[in-house]
Amino acid sequence: MRKLIITEEEKDEILNKYVDTTDNKLLTHLKRHFPINVFSVEGFSKPFRRIQINGKEKSLDDNKKYLVNRIVDSVEDEFPNLDKNIMRRTIKYYIDISRTLDS
């Protein structure tokens with residue numbers, strides 16, 4: 001897979017679409033319970049980013065819908081009063097910031 005190169009303007013555009021549609025408590029929970037592991041391998045130009053979901057590591061470059069569904073299944077019981085749309089938006093935001101920000 002090739003690295004997606006985006007401009008600062010495009011990065012801001014991606015992140016701005018989530019303004020006022022995410023939940024800060026869930027975002028903090030995601031950062032604590034679904035860590036992003038970044039590691040480099042000699043011979044590859046970009047680092048590999050992996051997210052840990054239920055004790056298993058998944059590539060952060062996997063299909064975003066698949067990752068969101070896996071995380072929603074894990075957290076929906078812990079946030080029963082949170083609207084599903086806000087939950088999914090917050091998880092998408094977490095994945096997008098992890099994909100776009102340099103680690």
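In this predicted model, the axes of helix H3 (residues 64-75) and helix H4 (residues 84-100) come within 10 Å. They cross at roughly 125 degrees. H3 and H4 are therefore oblique to each other, since angles of 65 to 115 degrees count as roughly perpendicular and those over 145 as roughly antiparallel. The crossing is right-handed.

On the H3 side, the residues that meet H4 are Lys 64, Leu 67, Val 68, Asn 69, Ile 71, Val 72 and Val 75. H4 contributes Lys 84, Met 87, Arg 88, Ile 91, Lys 92, Ile 95, Asp 96 and Arg 99. By class, this contact holds eight nonpolar, one polar and six charged residues.

The largest nonpolar core comprises 19 residues. Those with the most contacts inside the core are Phe 34, Ile 51, Ile 71, Val 75, Met 87 and Ile 91. At least two core residues come from each of helix H2 (24-33), strand E2 (48-53), H3 and H4. Ile 71 and Val 75 of H3, together with Met 87 and Ile 91 of H4, also take part in the H3 contact with H4.

Arg 89 and Asp 23 are separated by 66 residues in sequence. Their C-alpha atoms are 8.6 Å apart in space.

Key: Residues numbered from 1 in each chain as written. Predicted model: local features only at pLDDT ≥ 70, side-chain atom pairs only at ≥ 80, totals over all residues. Heavy atoms only, no water. Axes fitted to C-alpha atoms, helices over the stretch in contact; angles between N-to-C directions. Helix = DSSP H or I, 4+ residues; strand = E, 2+ residues; numbered from the N terminus. Parallel < 35°, antiparallel > 145°, perpendicular 65-115°, else oblique. Left-handed = near helix turned anticlockwise from the far one by under 90°. Contact = heavy atoms within 4.5 Å. Nonpolar A, V, L, I, M, F, W, Y, C, P; charged D, E, K, R; others polar. Core = buried A, V, L, I, M, F, W, Y, C linked by side-chain atoms within 4.5 Å. Buried < 20%, exposed > 50% of the residue type's maximum accessible area, 1.4 Å probe, protein only.
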